[in-house]
Structures are given as C-alpha cells and as structure tokens.
Amino acid sequence: MSIIGQITQIGVKGGAPRSDRPQPPGRPDRSGRLDRSGRPDRPQRSHRHLRRAGGASLVTALAVSCAATAGPTGTGPGPRLDEPLAAAGAGLPLGAAQRAEAEYVAASLAAYADRLAQAEARRVAAAERWGLAAVPLRPPPPPARKPDLVSSPGHLRGDGLPPVITRVPTEDKVVFFTIDDGWEKDPELLTMLRELDIPYSAFLSDYVAKDDYGYFRRMHRDGAAVHNHTLHHKELPTLSYERQRREICDMQEVLAAEIGVTPRLFRPPYGAYDRDTLRAAATCGIEAVPLWMEEAWTRRFDYARTDRVLHPGDIVLTHFRGPEEWPGGGTMTDMVRRAVNEVTRQGFAFARLEDYV
Ligand SMILES: [Zn+2]
C-alpha cells in the first residue's frame, strides 16, 4: 500500500481524532464559533507528541491535504491541494525541486504514520498497565456539522434559552465523559486519561476547585474541556434571578482568569434549574446545558433508563472524589477503569462532547 494510502487508512480516514489537526488560536471552530477569549473552545487533544515534534503541524497538514487530493472516496480526482505530489501521482515529469519536495512529503508522511502507530502501541500498553479489560475503542471522526440541539424530553425549552440535554442526537456509538465539582485532584487521574487518550470534560465549581486551579490548568493542557458548574454549588432554583446570574456568570469570569476559557457549556448543581437559570446562563454566553443519562462510580455504573444499556450520544456523569467520598471506597482511577470497561464492553467509545455540542 502506498504511503498516502497508509496515512489515509491509519490517520485521516481511519479515525484519528480530528482534533489532531492543528487549529491556530483565534480561528473559529467548525461551527464558526469563537469563545469570548477569541480562542475556539476546542483544546487540542491526543497525540500531543506529534504536535510537539518539529514540523508536525506541516506533516498533519500534508496528510489532510493528501486525503483531499485523493478525493472524498480515495478514488476520485478531488482538489489538487499539493501540486508536486499530485504531479508525482500522475507520473508527470518532475523538476529537481519538485522531486525533492515530493520526497520530503513522502518521508514526512511515513514519519507521521510511524508516530501514529507508536501512539497506538502506547495506548495498548497503557490499557494493560491500568488493568482495563480491553483497549478502549476509538471514536469515529467527529461530525462535519454539530447536530441541532433541542432540550431533551421533559426539560424546559424556549426561544433564547440554551437547550437542556441528557444525550446528544447522534447515531455514532459514542458517549461523553463528564466530571463534576473538583474536590479530588488526583494526579493519577490525569495520567490515566492522558495515556488512554480518553476525551473528557470537567464542570468545575469554584468553591472546591479554587484551592488548586493549577491541577485543572494541567488537565486543560492535556486536552480536557473545562466548563461551568457555578461558584458555590447552590440549588439554583432557590435563588433569585440575580443571584443565579452571579453564580453562573461570575464563574465564567473565574474560569477565564484561572484556566483561560470562557465556557459555552454549563451544568447546574444537582441538575436543578428553572427558567431563570437558563435565562441567566444565556446572558453570559452559555449555549447548552448538558445533564446526564448515566453516572459512573467506583463500584457501580447507574443507568437512568430501565433497559440499563448505553444509547448513542449519552452523557455520562461522574465526580472528582477521593477514596473517602466514594461509597465503598476506591479511587478516581478505579472509577475510570469501571466506566471504560462498561463502555467498551457495549461497543461504545468516549468522544469529545465539544465536537458534538
Ligand atoms: Zn456538582
């Protein structure tokens, strides 16, 4: 198989997360949205070593370019984004400079394929090291267009209100891992999720996160998204509109200062909200309110539905908790192990919530 073919299989079409592709700061994400800081709220994730390596951005760009050259099915003509390479493919005579460039591209792609294979080997080894029953499945490429969201059945909806969702409308066999509050700051959790390359999103509440925002900055650098879970974790419907607004909107400012993000997503404590909550959240940039369908614990995995199986697009909730807080004990890594095994056993993969919402 040609190098380009390998790349297409291994990397571009074979399911390498689209977030691998470099996205310069300040450019809109696929939805065209920018967060308030001017950065797309799409922290880079996975295969970080590729981006650290010199010239990796170029290589990735070339791989994408070559996939486009091959056309959407890999057989059609497609746009010729890389002329020397296209010329090489067509057997046209090449000048020395073009030949050198084509050789450089081929070598770069080969190196890229090699690094992808090495990354996968490391992930397999990590799954064994962390005691998983199987290697976590890779999610499919993110949707080209995010699904339109409306509030899930039984939840408030209305013009100008962010939708309240417990799952994302998708047929992909993916679920979303979300971790709330911020009490426990277990470094092993970050290591485990990084080594397994599992996407996740944190919904932080200032009153517990604030003693070590450095932990959550590291988490964010690893690629995890950080979202809003209020300042003080109050039951919001018991508060006035103005106090609710402060709980949500002041937390936006805390996260902008501490993490460098202004979240688009917000989760009310206990999942408790009213119309004022949604109105207040909308005033400070909140676009969606993800609740959850399942909850992961160290000793069990809870389902909201009676069929007790995952459905595509389900949102899974868990918490940053220490061994003394989990019923029956255990650690964050025990919780992850149990959750990942459950998800993998049912043929699902964890995907990035922000790729869909
Ligand atoms: Zn909470």
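This is a predicted model: local features need pLDDT of at least 70, side-chain atom pairs count only at pLDDT 80 or more; totals for chains, interfaces and linings use all residues.

Biologist: What makes Asp181, His229 and His233 the protein donors of the zinc ion?

Modeller: A donor is an N, O or S atom within 2.8 Å of the metal. The OD atom of Asp181 and the NE2 atoms of His229 and His233 lie 2.0 to 2.1 Å from the zinc ion, so they meet that cut-off. In sequence, the spacing of these donor residues is D-x47-H-x3-H. Water is not among the atoms, so a site may look incomplete.

Biologist: Why is His233 called buried?

Modeller: Buried means under 20% relative accessible area. His233 has 12% relative accessibility, so it counts as buried. His229 is buried as well.

Biologist: Where does His233 lie, and which residues does it touch?

Modeller: His233 is in the loop between β4 (225–228) and α9. Leaving out residues up to four places away in sequence, His233 touches Asp181, Ser205, Tyr207, Glu247, Pro269 and Tyr270. Pro269 is 36 residues from His233 in sequence, yet their C-alpha atoms are 5.5 Å apart in space.

Biologist: What makes the approach of His233 to Asp181 a polar contact?

Modeller: The cut-off for a pair of N or O atoms is 3.5 Å, and one must be able to donate a hydrogen and the other to accept it. The side chains of His233 and Asp181 make such a contact at 3.0 Å. The side chains of His233 and His229 are also joined by a polar contact, of 3.1 Å.

Biologist: How many aromatic pairs are there in the whole structure, and why is Trp183 with Tyr207 called edge-to-face?

Modeller: The search finds eight aromatic pairs. The ring centres of Trp183 and Tyr207 are 6.0 Å apart and the planes stand at 75°, so this pair is edge-to-face. The cut-offs are 6.5 Å for the centres and over 60 degrees for the planes. Trp183 lies in the loop between β2 (174–181) and α6 (187–196) and Tyr207 in helix α7 (residues 206–209), so the pair ties together parts that are 24 residues apart in sequence.

Biologist: What makes Tyr213 and Phe216 an edge-to-face pair?

Modeller: Their ring centres are 6.5 Å apart and their planes are at 65°, so the pair is edge-to-face. Tyr213 and Phe216 are three residues apart in helix α8 (residues 213–221), which puts about one helical turn between them. Both Tyr213 and Phe216 are buried. Ring pairs also link Tyr213, Tyr215, Phe216 and Phe320 into a cluster.

Biologist: Which members of the largest nonpolar core touch the most other members?

Modeller: Of its 44 residues, those are Phe177, Leu204, Phe216, Met219 and Phe320. Helix α11 (332–345) gives the most to this core, with six residues.

Biologist: How do you know that Gln252 is buried, and what polar contact does its side chain make?

Modeller: Gln252, in helix α9, has 2% relative accessibility and so counts as buried. The side chain of Gln252 makes a polar contact of 3.0 Å with the side chain of Asn228.

How values were computed
Residues are numbered from 1 along each chain as its sequence is written. Side-chain values use heavy atoms; hydrogens and water are left out. Donors are N, O and S atoms within 2.8 Å of the metal (3.2 Å for Na, K and Ca); water is not among the atoms, so sites may look incomplete. Buried means under 20% relative accessible area, exposed over 50%, partly exposed in between (1.4 Å probe, protein chains only). Rings of Phe, Tyr and Trp (its six-membered ring) pair if their centres lie within 6.5 Å; planes under 30 degrees apart count as stacked, over 60 as edge-to-face and the rest as tilted. Helices (H or I, at least four residues) and strands (E, at least two) are DSSP runs, numbered from the N terminus. A nonpolar core is a set of buried Ala, Val, Leu, Ile, Met, Phe, Trp, Tyr and Cys residues joined through side-chain atoms within 4.5 Å. Contact means heavy atoms within 4.5 Å.
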